[in-house]
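Take a look at the structure first, then read on.

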Amino acid sequence: MFKMRVPKLLKSVRYSLAAVNSVFLLTGVLLLILGVATLLTFNNYSLLVTYTFFTLSNFVIATGVIILFVAALGYYGAVSEQFLFIVGYVVLLFVILVFEIAITTLGFNLQNDASRIIRRPMTQTLQLYGNRSEINITWDNLQSGFQCCGVVSISDWPTGRLPVSCCHIDYGTISPFECTSSKAYTVGCAAALGEYLSYHAYVIGVTGAFVICLQLLVLAAGCWLAYRSRFEEVELES
């Protein structure tokens, strides 16, 4: 009577792939959380920044969501142990690795150019200060929060029209309060906000580099498991 020989590693491929896929899933969750957090941060200054910042955050979120879907397929591949399915999973891992390299590159590039990129929209909105309430709120929150004034300096504001938010107001100050050049903050908001945005872009770049390292390990493990699953199919057929 013919007796099918079941290789000892049949179950190990299933559990190993599930373990590797769990690490892959965690990278997706990490990118998703990071993308949402940075998107909310950039959205606070949506009138002062370009779409480049939102593109980066949305790209991070999209990559995280794609990883979640691919991870779900990975768990199915672990259960089914089909060679072609596992190979397809490995191919998707490689594609996502390319996405992660792009995220890391964009993050570090944006870190270096943040202050320069935001100067134009900041200058444009500053000229509309006093005419639109949302611009007034954004600029007042920016200047009081970062203790800065103007785009580059207080000279960006028309003479005699310095907003009160350009100056520090001590507790107990009685109105009327006039903000003058001698009392105004000396730091430009492009430098202050640019440094803040650069930090978040840097976090994206560093996180992307960390995820790439994990992804390389996951990809190598996936290739090895695809080979083992093929080896076991041959054993089963023999």
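A disulfide here is a pair of cysteine sulfur atoms within 2.5 Å. A search of the whole structure turns up three disulfides.

Before the details, a word on the source: this is a predicted model, where local features need pLDDT of at least 70, side-chain atom pairs count only at pLDDT 80 or more, and totals for chains, interfaces and linings use all residues. Residues are numbered from 1 along each chain as its sequence is written, and side-chain values use heavy atoms, with hydrogens and water left out.

The protein chain has five helices and zero strands (DSSP runs numbered from the N terminus: H or I of at least four residues for helices, E of at least two for strands). Of its 238 residues, 40% are buried (under 20% relative accessible area, with exposed over 50% and partly exposed in between, using a 1.4 Å probe and protein chains only).

Now for the cysteine pairs:

| Disulfide | S to S distance |
|---|---|
| cysteine 148 to cysteine 189 | 2.1 Å |
| cysteine 149 to cysteine 166 | 2.0 Å |
| cysteine 167 to cysteine 179 | 1.8 Å |

Cysteine 148 sits in the loop between helix H4 (133-146) and helix H5 (189-237), while cysteine 189 is in helix H5, 41 residues apart. Both cysteine 148 and cysteine 189 are buried. The torsion about their S-S bond is about 95°, so this disulfide is right-handed.

The link of cysteine 149 and cysteine 166 is right-handed too, with 85° about the S-S bond. Cysteine 149 is buried at 0% relative accessible area.

Counting bonded cysteines along the chain, the pattern is 1-6, 2-3, 4-5.
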